[in-house]
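Me: I would like to learn how to read the features of a protein model with some care. Could you take me through them one at a time, with the general idea ahead of the particular case?

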Amino acid sequence: MLTTLKRIVQEMNQIPELDQALFRVASRVKQTMEVDSCSIYLADEEKQDFILKATDGLHPDAVEMVRIGFSEGLIGLVGQREEPLNIENAHKHPRFKHYPEVKEESYNAFLGTPIIHQRRVLGVITMQQQAMRRFSENEEAFLVTLAAQLALEVTNAEIRGALSNSSSVESMPIQKNVRGIPGSPGLAIGTGFSTDSSITLRNWVVKRASDPDLEIRLYRRGVELTRKHVDILSERLDLGIPDDVKSIFQLYHHLLDANSLGREVEAKIREGWDAASSLKMVVEDYAARFQNMEDPYMQERAIDIVDLSNRILINILYEEKGQQPSAREATQPSILVAEEVSASMLAEFPRQYLQGIISIRGSNNSHAAILARAMGVPAVMGCQNVSPALLNGKELLLDGYSGEVIVSPEATIRSEFVQLIDEEKILSKRIEADANLASETQDGCRIALYVNAGLSADIEATQFANADGIGLYRTEIPFMLRQRFPSEQEQVELYRQILMATPEQTITMRTLDVGGDKPLPYFPINEENPFLGWRGIRLTLDHPDIFLVQIRAMLRASIGLTNLQIMLPMISSVSEVDEARRLIEQAFDEICDEIKHTDRMLNKPKLGIMLEVPSVLYQLPQLAKQVDFFSVGSNDLTQYLLAVDRNNTRVAGLYNSYHPAVLSALYDIVKQSDANQVPVTVCGEIAGEPGGAILLVAMGYRKLSMNAHNLRKINWVIRNVSLHDSRMLLTKALTASAHEEVFSHINQYLEHRGLGGLVRAGS
């Protein structure tokens with residue numbers, strides 16, 4: 001059965017037109033199951049009925065002619081019940097309705113099952129037979145399984161088909177909507193512009209080479225040209241763009257270093273492969289490692305690695321053949337569209353024409369999304385099942401708040417959109433005017449705002465006057481970019497640079513958070529359930545050699561300074577903290593002993609833990625005696641509380657930090673922290689969202705850490721609310737039964753305060 005199902009779906013995929021593909025499915029099901037008829041109906045949401053789209057057994061003239069209401073006949077009953085309907089004699093069923101056009105008088109046995117995708121009934125597939133009988137359990141199971149497979153294919157085909165139809169030359173363009181993930185807030189109007197190149201590592205066919213020295217020279221020259229190009233792109237970002245966004249290109253420089261990709265690529269060349277093939281094999285291995293990680297931020301690094309390597313590939317071919325591929329350039333206000341919009345692609349796009357960004361793949365953690373937010377460019381990410389070619393050249397309306405893209409908009413919709421853009425410009429000026437003012441509520445409550453830092457914490461912190469420090473520095477990135485564990489001295493130099501950048505501000509460094517589904521390339525880990533596996537503090541405590549080297553490096557880097565704090569990830573028990581404290585004390589004593597005959601001073605850093613595993617919520621009084629501060633990792637805490645893998649598209653819709661249970665947990669944490677006199681910070685995404693920040697402040701949180709691009713907005717929000725009103729909102733949120741109700745309360749509150757433009761289009 002499985003082989004037959006796969007074959008039917010594969011045959012459907014090979015047929016570009018949906019209607020033809022459905023006819024093929026109907027024919028194959030009739031033949032395979034040896035029934036007298038198989039028919040497929042698709043739902044028309046606008047007219048509230050099912051249309052007969054394909055059949056093998058009913059009269060062919062009925063196709064596209066017969067429409068059955070959602071509440072009519074057996075087809076309507078299958079859709080209403082959202083489950084299979086197996087009837088021995090369909091004519092005697094009270095819901096049977098005769099449609100003369102289909103010529104089904106001779107059929108008695110009826111089996112219908114709904115075609116459902118993400119809780120939406122897309123249609124119904126049926127089998128019928130002249131004999132009066134009930135279809136067997138195996139036959140029913142086959143049709144249910146096929147319908148599940150068919151649902152995804154219908155969804156994909158409908159999206160592609162709808163967009164293709166909107167470009168018809170013979171008629172006026174038809175407005176269509178495409179949904180994605182909000183990547184950068186704002187509204188944009190422009191013509192879709194696709195820059196996707198056919199010269200990519202994905203398309204490259206590996207080849208052997210007979211002259212390794214020549215291939216190495218080609219590779220090194222390709223890297224040299226790419227490095228110069230990256231420098232030029234980085235310089236372009238000086239034009240009216242905050243300096244912090246240039247830190248994105250530091251990853252590119254790390255990868256271009258011979259100690260990163262270079263050695264492995266040249267090793268492949270010496271095995272007999274040409275330069276391009278060697279690059280492909282090494283890079284695809286790197287990209288796969290990043291894509292398999294749990295952390296969305298790290299997953300997005302695969303896009304950057306592939307983008308950079310595609311540029312190296314083009315330069316290798318240029319050096320080999322002496323000619324460079326020609327590239328189209330935008331000449332009008334445009335929305336950049338690509339399978340994966342990379343940071344360098346965004347940087348080289350003419351800024352005067354860039355209105356917005358659509359990335360078919362990617363998330364709001366991608367470098368493109370980070371850059372877009374820093375540049376103030378609206379972006380929508382993750383528009384799956386849509387090809388850039390289908391959006392290229394069409395007028396697009398992009399809503400970065402909701403993640404919606406309107407293709408070929410109607411005149412009235414476009415006019416309303418223009419009005420919203422004008423209102424948004426007014427709001428943006430108001431936010432910018434308050435950018436450097438204190439983050440303080442209207443009734444005088446001061447809120448400290450910190451930065452979550454990644455590649456270049458020193459740059460990210462110094463470019464925002466209203467940042468109080470770094471609430472989370474991810475130390476794992478230097479480990480990810482090497483072929484070995486970085487030495488103690490290498491770590492000292494990196495950490496010292498970060499601590500010295502803002503010596504008067506607190507810098508909280510999280511110890512190595514890898515393992516499980518975030519394996520180091522030189523320390524592979526294979527687990528069936530990496531989310532509950534060997535990661536974070538569990539891994540480093542099992543390897544005190546790794547932990548001690550990192551702690552020693554942090555302490556040595558902080559000699560003469562007082563701004564270092566150390567934070568432990570993935571803590572789930574008091575014993576883990578006890579063991580970590582013992583090792584930290586050991587490292588501290590060692591460094592003190594090493595510098596005792598010098599005039600240098602080592603201050604003992606404060607120690608904190610991440611609250612992200614639910615078990616610690618019930619151990620806070622005990623943990624409070626062991627540490628100096630708490631930091632809530634709301635992203636992982638939400639994931640574990642709701643038992644939802646936020647990176648799994650099938651259940652990602654269930655992941656929501658505004659779930660009443662998550663809000664209750666956050667509220668309980670701050671109450672327990674205050675009772676035990678332990679400072680607590682929130683460093684998850686909810687802290688950087690207007691509604692989330694208001695609720696957290698109302699709960700009692702006085703320290704919020706977020707991505708740097710959210711600081712101005714959250715500062716402005718805090719300055720425009722009062723504790724009294726926000727606590728009334730919190731009461732409503734905590735008594736809500738679902739996150740949708742929480743959102744409704746937040747939106748009403750923001751609208752009432754004149755802040756609605758922060759979460760939707762307009763001012």
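The dialogue below takes up sheets, helices, a cavity and a salt bridge.

Me: What should I know about the model before I start?

Reply: The model is predicted, and local features need pLDDT of at least 70, side-chain atom pairs count only at pLDDT 80 or more, while totals for chains, interfaces and linings use all residues. Residues are numbered from 1 along each chain as its sequence is written, and side-chain values use heavy atoms, with hydrogens and water left out.

Me: In what order do the strands of the open sheet of 6 strands lie?

Reply: Strands (E, at least two residues) and helices (H or I, at least four) are DSSP runs numbered from the N terminus, and two strands pair if DSSP finds at least two bridges between them. Here the order is S3-S2-S1-S6-S5-S4, with antiparallel pairing, and the edge strands, each pairing on one side only, are S3 (67-69) and S4 (85-87). Within this sheet S1 (residues 37-44) is joined to S6 by 6 bridges, and Ser39 stands opposite Thr126 in S6.

Me: Which strands does helix H2 touch, and at what angle does its direction lie to that of S2?

Reply: Contact means heavy atoms within 4.5 Å; axes are lines fitted to C-alpha atoms, for helices over the stretch in contact, and angles run from 0 to 180 degrees between N-to-C directions. Helix H2 (residues 18-33) packs on the sheet and touches S1, S2 (49-56) and S6, its direction making about 60° with that of S2. Helix H3 also packs on the sheet, touching S1, S2, S3, S4, S5 (109-117) and S6, at about 45° to the direction of S5.

Me: How is the open sheet of 8 strands arranged?

Reply: Its order is S7-S14-S13-S9-S10-S11-S12-S8, and the pairing is mixed. The edge strands are S7 (176-179) and S8 (181-184), and the twist averages 30° from one strand to the next. Helix H14 (residues 411-433) lies across S9 (187-194), S13 (395-399) and S14 (404-407), running at about 115° to S9.

Me: How much space lies in the largest cavity, and which residues are closest to its centre?

Reply: Rolling a probe the size of a water molecule over the atoms shows where empty space is left. On a 1 Å grid over the protein atoms alone, a cavity is a set of points where a 1.4 Å probe fits but cannot get out, and lining residues have an atom within 4 Å of a point; the volume is the space filled by probe spheres set on the points, which are joined across faces, edges and corners. The largest cavity holds about 160 Å³. Of its 16 lining residues, Ile75, Phe96, Lys97, Glu104 and Phe110 are the closest to the centre, and H3 gives the largest share of the lining, 3 residues.

Me: How far apart are the closest N and O atoms in the salt bridge of Arg719 with Asp434?

Reply: A salt bridge is a side-chain nitrogen of Lys or Arg within 4 Å of a carboxyl oxygen of Asp or Glu, and the count by this rule is 29. In the pair of Arg719 and Asp434, the closest N and O atoms are 3.9 Å apart. The pair links distant parts of the chain, with Arg719 in helix H25 (residues 711-719) and Asp434 in the loop between H14 and strand S15 (448-453), 285 residues apart.

Note on methods: On a 1 Å grid over the protein atoms alone, a cavity is a set of points where a 1.4 Å probe fits but cannot get out, and a pocket is an open set with protein on both sides within 12 Å along at least five of seven lines; lining residues have an atom within 4 Å of a point.
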